[in-house]
Amino acid sequence: MNAQSGTLSSASAGQPAGAAVADWSPYAQRDGHPFDALYASLLPEIARLIGLYEQKRSALIPMAHLFQEHEGYVSANAMAAIAYQVGETPATVESTVSFYTLLYRKPVGKYVVQVCRNLSCLLNGAEEIMDYAREQLGIGHLETTADGLISYEEVECLAACDRAPCAQVNLEFVYDLTRERIDAMIAAIKGGTYEIAPLAQTAKPGRTWRVEQDNGRKSAGGMNVESPNNAGGIGDRSGLVMFDLIVGKAQYESRSNERLVHETTLRPELSENGHH
Amino acid sequence: MADVITPVLTKGIGELNLRDIAVYRQQGGYEQLRRAVMEMTPKEVADLCNGSNLRGRGGAGFPTGRKWSFLPNNGRPRYMVCNCDEAEPGTFKDHMLLEETPHQIIEGILIGAYAIGCEHSYIYIRGEFKRGFEIMRDAVQQARDAGFLGENVFGTGKRLEFTIHRGAGAYICGEETGLLNSLEGKRGEPRLKPPFPAIKGLYGEPTVVNNVETLAYLPYILRNGPEWFAKAGPERSPGFKVVSISGHVRKPGNYEVAMGTTIRQLIDDCAGGLRPGREFRGVQPGGGSSACLFEEHLDLPYDFDSIAKAGSMLGSGAMVVFDDTTDWVKAAHSLIRFYAHESCGQCTPCREGGDWIERTLRRILDGRGVDSDIDVIVSAAHQLTGLNLCALGDSIEPFLASVIKRYEADFRAYITRGSAQRVAV
């Protein structure tokens with residue numbers, strides 16, 4: 001079946017789990033993709049998850065966890081499948097999935113090491129632990145080793161402050177971290193003898209799986225601004241320079257008026273609603 | 001030491017396998033749920049809770065009975081949602097309760113659900129507590145097999161359904177309307193209030209969101225009577241509290257005490273005091289969002305009102321203790337980074353302000369700070385307070401402002417050292 005042949009309405013109608021696997025979503029990448037087989041095998045579990053709630057959209061995050069458990073991340077196919085199941089568009093599902101840090105939209109390593117960087121751990125030496133871990137792994141925050149084995153992330157409070165510094169490996173707690181424990185952990189992971197089971201991995205991870213938020217500029221106003229004192233607020237000229245270029249110039253004003261007139265003729269409701 | 005610690009919720013932890021329903025029942029477990037469902041009306045249960053003056057243990061300290069009383073009598077379905085999205089820096093009580101005594105939590109939730117007339121209750125467990133989620137899942141199955149929850153509880157024909165929901169990593173889902181959005185399968189962004197969840201909550205129906213610890217006290221209030229609870233601690237914030245103590249202490253851990261125990265007793269008698277040779281510098285009494293307290297506050301009783309009067313808050317009951325080795329700039333930066341990272345991004349003051357203060361602090365740490373930075377971050381933190389949909393943005397100011405007020409010299413030292421190095425180069 002052609003990926004483009006479905007319509008939006010057939011997807012948002014949200015057929016229940018159990019409909020023929022072959023035409024479950026117009027958004028999926030098809031042609032015998034291994035995802036179809038996985039999806040078919042997970043249908044009973046999907047139906048169970050939806051049954052737990054009074055509205056099916058509540059099962060969105062549990063389903064994302066389920067696909068991630070099997071694929072190692074929440075793939076575009078998985079998001080399309082979830083969208084089909086809950087009767088939303090894939091964009092809506094991606095919007096939700098992208099909100100949560102534990103749902104990966106790109107492949108990660110077989111072991112995700114998350115070291116706590118928050119207050120109680122910091123007071124008990126988390127900085128040295130994080131420096132050491134980065135050095136030993138040869139990667140930084142939010143990065144995956146080249147062999148795709150280990151992903152490393154520095155995370156916020158894990159609620160184990162009594163046994164700081166702490167970390168989670170594949171969401172299992174590792175307490176009272178020391179350099180020796182990190183050495184032992186890395187050696188065991190590399191040797192395949194680590195007590196915590198690896199995550200599923202169905203695609204090779206890239207260097208990172210998420211945009212680095214902490215050094216990122218969250219808003220356009222903050223883009224490429226060197227001094228945080230001028231992060232797009234009052235006194236920051238970076239945005240105003242652009243503004244000055246446009247406002248008050250006759251050609252822009254007339255073009256803008258032209259477009260409004262044009263749109264109003266095309267869509268009479270614009271003027272009726274007083275939008276012009 | 002023994003006289004300060006009064007185990008109620010924490011009783012038996014470390015000695016008994018309370019995850020096993022048989023062991024929990026030997027301790028009198030599920031007896032109060034049975035009594036409530038079979039012998040009492042919902043109103044009688046709610047009255048007992050009201051009589052105990054129980055206040056919410058999740059952070060805000062709102063009286064639980066009053067929260068329940070806001071539910072309208074409109075014949076609509078009602079929901080009880082238990083908040084186990086514990087992620088406040090320094091708090092680890094729910095983590096322990098969830099992994100060690102899941103049945104106590106289930107019993108508390110179901111008693112609360114029965115009291116408010118809810119047929120389907122939910123528990124929202126933080127995504128990182130994968131192990132706790134599995135333990136809770138097993139416990140719920142045991143309780144279901146025993147007929148304590150489901151379609152026909154204790155054979156009375158009453159329905160108390162129960163669903164465990166696991167989040168996926170977002171501190172903001174601990175905010176009750178963010179939690180409800182997340183439970184509905186949406187982004188965990190807090191909602192505009194009013195309407196409060198009591199009027200329009202989960203699926204648009206009247207909903208109560210209570211903390212794990214709050215609900216877990218219900219079986220004991222039913223068993224021992226509301227007077228027992230009300231008598232422990234001061235009149236206006238009675239009962240017991242599981243206090244998570246961490247940071248620079250000898251024995252960090254969860255200690256359950258009667259409200260009104262002093263901060264000094266908590267640090268010295270419970271957590272074993274400071275490490276040898278160290279001096280006390282400060283304590284954060286109620287999680288990352290609370291202002292720091294200092295030497296002069298050590299003899300304050302640890303209860304909602306006394307801590308609030310001192311200009312801080314009891315919050316979730318997480319004490320982080322600082323000794324003289326503390327680098328205050330790093331400590332402040334760590335907490336501000338947390339709020340900047342966890343901001344959901346809906347409200348501009350919180351999204352931009354937190355990020356901006358974090359970057360200024362990091363610049364000071366990097367030795368590139370300028371003298372005006374300190375006034376600027378204090379003023380920015382103050383100005384973004386109160387302009388957001390939820391309390392996350394407002395949580396940026398208290399610790400930062402209190403620490404800068406007390407230890408401004410430490411911040412200045414970073415700046416002076418940085419500029420001296422620049423001159424030398």
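Hi everyone. Before I show the domains, one definition: the domain bounds I'll quote come from an automatic or database domain assignment. And please keep in mind that this is a predicted model.

With that in hand, let's take chain B. Its assignment gives three pieces: domain 1 covers 21-231, domain 2 covers 240-323 and domain 3 covers 328-424. Looking at domain 2 and domain 3 of chain B, their centres, taken over C-alpha atoms, are 24 Å apart. Each of these two domains gives 9 residues to the contact. On the domain 2 side, those residues are 4 nonpolar and 5 polar, with no charged ones.

Now to where the two chains meet. Here 44 residues of chain A contact 53 residues of chain B. Which elements of chain A give two or more residues to that side? They are α3 (60-71), α5 and α6 (119-123). The largest share, 5 residues, comes from α3(A). By class, the chain A side has 24 nonpolar, 12 polar and 8 charged residues.

Helix α4 (residues 76-86) packs against helix α5 (residues 90-97) in chain A, at an angle of about 115° and with the axes 8 Å apart. So α4(A) is roughly perpendicular to α5(A), and the crossing is right-handed. From α4(A), the contact uses A:Met79, A:Ala80, A:Ile82 and A:Ala83, while α5(A) brings A:Pro90, A:Thr92, A:Val93, A:Glu94 and A:Val97. Sorted by class, that contact has 7 nonpolar residues, 1 polar and 1 charged.

How values were computed: Residues are numbered from 1 along each chain as its sequence is written. Chains are lettered from A and ligands numbered from 1 in the order in which they are written. This is a predicted model: local features need pLDDT of at least 70, side-chain atom pairs count only at pLDDT 80 or more; totals for chains, interfaces and linings use all residues. Axes are lines fitted to C-alpha atoms, for helices over the stretch in contact, and angles run from 0 to 180 degrees between N-to-C directions. Helices (H or I, at least four residues) and strands (E, at least two) are DSSP runs, numbered from the N terminus. Angles under 35 degrees count as roughly parallel, over 145 as roughly antiparallel, 65 to 115 as roughly perpendicular and the rest as oblique. A crossing is left-handed if the near helix is turned anticlockwise from the far one by less than a right angle, and right-handed if clockwise. Two residues are in contact if their C-beta atoms, placed from the backbone, lie within 7 Å. Ala, Val, Leu, Ile, Met, Phe, Trp, Tyr, Cys and Pro count as nonpolar, Asp, Glu, Lys and Arg as charged, and the others, Gly among them, as polar.
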